[in-house]
Amino acid sequence: MVTLTSAPDAGGIESAGVADARGNLTVLGASPSWQNAGEACSSYLVDVPGTRLMIDCGNGAFAELRKRYDYLSVDAIAITHTHGDHMLDLLPMAYALLYSPRALRGESRRPKLLLPPGATERMRAIFDLIDRAELLDLAYDAVEYDPAEPTHLPGLTLEFAPVPHFVPTHAIGVRTEAGGRLVFGADHRPSQRIIDFAHGADLLMLEATLVEPEGGTRGHITSVEAAEIAVQAQVDRLVLTHMSDELPREQLVAQAQAVHAATSLARPGATYAF
Ligand SMILES: [Zn+2]
Ligand SMILES: [Zn+2]
């Protein structure tokens, strides 16, 4: 059974965490590598008591964040991989953290930025090409996560697992102190790794980029393949994301539901408890 609670009130900026000990996942952007009409690329907000975590910060994500939340309330950002649709809005967010009227008044924040192993230099190079490399470290407390070691933040533990994609990519697991577990697969081709990593999760969010398996070197999955992973990993609920609005999405979700019944489509603003 999918627990879909109401989206945060877009009329008011919410700045505190959730009231109970469970975690909440809110979809900021669920587009594939190009934006769906009126939507943002990959970005999700996880709230547990003590920590507000952004997972990915794709193009368009910062505006979506600002619709509902105070950007100074973000404690940490974890990036799955350095494809643009998963991290490009780190630059406008850096500008806001450093140069917005609030920042110039002294309302500053330097969120922890959890980057894939080896990605820090790549991120500095991207910032340097567009503006200045040092913006990355001025705006963020950037550290590279180690997939062999969990990362602890107040109220949650993060785990990372390498998954096969076109560039080094990590699935992210979030475990709450109340025992809930969310797994986000990031982008990947079918593999045993994501099945093992997601095993028993309360909430699994997987990309569903394709209608049919692609030829050549694979880097993505279909909605039915996502549902098959959910069945093999014995997860409670599956949320499909990274799906183009030019596809028959309702039909593709229905095909996935025939394999794993508790499957839904990520919609911007939707919140899932775990
Ligand atoms: Zn992507
Ligand atoms: Zn990608």
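In which sense do strand β13 and β14 pair, and over how many bridges? I looked this up first. Strand β13 (residues 237-241) and β14 run parallel, joined over three bridges. Two strands count as paired if DSSP finds at least two bridges between them. Val 239 stands opposite Ser 264 in β14.

A note on the source. I am working with a predicted model, where local features need pLDDT of at least 70, side-chain atom pairs count only at pLDDT 80 or more, and totals for chains, interfaces and linings use all residues. Residues are numbered from 1 along each chain as its sequence is written, while chains are lettered from A and ligands numbered from 1 in the order in which they are written.

Next, the sheet. I find seven strands in an open sheet, ordered β8-β9-β10-β11-β12-β13-β14, with mixed pairing. Its edge strands are β8 (151-153) and β14 (263-265), and each pairs on one side only.

Then the whole chain. I count nine helices and 15 strands. Helices (H or I, at least four residues) and strands (E, at least two) are DSSP runs, numbered from the N terminus. The radius of gyration is 17 Å, close to the 19 Å from the globule rule for 274 residues, so the chain is as compact as a globular protein of that length. That radius is taken over C-alpha atoms, and the rule is 2.2 Å times the number of residues to the power 0.38. The C-alpha atoms fill a box of roughly 55 × 45 × 40 Å, taken along the principal axes.
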